[in-house]
Amino acid sequence: MTPVQTSKMSNFRWVICALLFLATTINYMDRQVLSLTWKDFIAPEFHWTDGHYGTITGLFSLFYAIANLFAGKFIDWMGTKKGYLIAIFVWSLGAVLHAGCGWVAMKIEGYDSIEALRMVQAGSDAAVAIATISVWLFLSCRLILAVGEAGNFPAAIKATAEYFPKKDRAFSTSIFNSGASVGALAAPATIPLLARAWGWEMAFIIIGALGFIWMGLWMWLYEKPAKNKRVNQAELNYIEQDNDLAEAQDRENMKEEKTIPFFDCFKYKQTWSFLVGKFMTDGVWWFFLFWAPAYFSDQYGYTSDSAMGIALIFTLYAIVTILSIGGGYLPTYFVDKKGMNPYLGRMKAMFIFACFPVLGLFAQPLGAYSAWWPAILIGLLGAGHQAWSANLFSTIGDMFPKSTIGTIVGLGTMAGGLGSMSINLGSGRFFDWAAEQGAAFTFFGFEGKPAAYMVVFCICAVAYLIGWCIMKALVPKYSPIIIED
């Protein structure tokens, strides 16, 4: 037995995995600062309406979708270490810059203090000017944030591929990806309290600064395994266990596999099936992500920094985190136990997950008894979305050659971004209109803005079933795309 085989293996790859987890947690928290502070802290200063906030969230979704089309190529070009550093620097800078929007708006509009902005008469020309310039300032910061955040997932996946053998990559990916759920749980428990204690500006600065701290750790700890002095030979052998003749042959086969030209992708029903699935459902997740804190503040008076407001949002995301874990198992059960092919098993599972959002129909009616009902039901809806989304992405691998998967993912991300932009922009304007109409606008027994929330909840409740039906009509059975020579 060789010395390499008898030496104890280091486990530095898990330190890298922990860094990826921290980056994903920070990524999610930076994205959440605005949604947890705008209603109760920012809007009074800048005279924002729901329409203003809807514009910001809608365009952020579009910025993020477009940036995702290019993020993977950028990370491949720069390399994992530099690419990740640049990505987190850009999004952390964008996060921190939000804090300066008030000061810049004050200077542009010629006021002596932020308090003077707040004291402007609501609805006046001055208030409209303050709202307009502040929205543009926040949009600029959201653009920077979106461009940087788009690099997180491709960089983390690339680092995982470098530090883990194939058999461990799914597990390590699930660990770092859980940072999104941890970030969702940590955000409502910390951000509103920071805003209340030191102002909303400091919430952006403190959470944004976490990214710069992470950069120091990444620069200190990350090198490719073969060059990293913290990885011994035994661990390197373990990491590189896939580098055998079989994998070399696989890589050669991949090189020979033809790629579907970009515009030719639109000729296939399988492409349109995936695009419809993303367009119909991504916006639902982003709507609740961006609007849930405002909903509990508007409808029940629980501000984001109140104990009850924090508890409601925390509970909502705890339900999403815990229940969505089983989303990947159900199609495996249908395939292994019921003998279905992977696509049919996945579609059956997706139909079940598409039924979860129907519970959203009862959020508003049951909310008349307690705010806990909407929190629980929206949490179940979110869990259904996460399970749906994981399986939706997997349908690409079922249908498309490996050489084209990246292209289809990019197209789907764009479709999802357009859907998210539509629902967030539309909801903001709809809520403003409904509030103005008051009792003149009714829906299912609700009046004014509560009626508008009920309308949007109904749309969200049926979006998944409609999307599933369209997908099933386009691709009724397993039909992989084969590129002929």
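A residue is called buried under 20% relative accessible area, exposed over 50%, and partly exposed in between (1.4 Å probe, protein chains only). The model is predicted, so local features need pLDDT of at least 70 and side-chain atom pairs count only at pLDDT 80 or more, while totals for chains, interfaces and linings use all residues. Residues are numbered from 1 along each chain as its sequence is written, and side-chain values use heavy atoms, with hydrogens and water left out.

**Exercise 1.** Classify Trp77 as buried or exposed.

Solution. The relative accessibility of Trp77 is 67%, so Trp77 counts as exposed. For Phe74 the relative accessible area is 29%, which makes Phe74 partly exposed.

**Exercise 2.** Determine which kind of aromatic pair Phe74 and Trp77 form.

Solution. Rings of Phe, Tyr and Trp (its six-membered ring) pair if their centres lie within 6.5 Å; planes under 30 degrees apart count as stacked, over 60 as edge-to-face and the rest as tilted. The structure holds 45 aromatic pairs. In the one between Phe74 and Trp77, the centres are 6.1 Å apart and the planes stand at 65°, giving an edge-to-face pair. Both residues belong to helix H3 (residues 50-78), three residues apart, about one turn of the helix. Helices are DSSP runs (H or I, at least four residues), numbered from the N terminus.

**Exercise 3.** Characterise the pair of Trp388 and Tyr464.

Solution. The ring centres of Trp388 and Tyr464 are 5.6 Å apart with planes at 90°, so this pair is edge-to-face. The pair links distant parts of the chain, 76 residues apart: Trp388 lies in helix H18 (residues 372-399) and Tyr464 in helix H20 (residues 448-474). Both Trp388 and Tyr464 are buried.

Conventions:
Helices (H or I, at least four residues) and strands (E, at least two) are DSSP runs, numbered from the N terminus.
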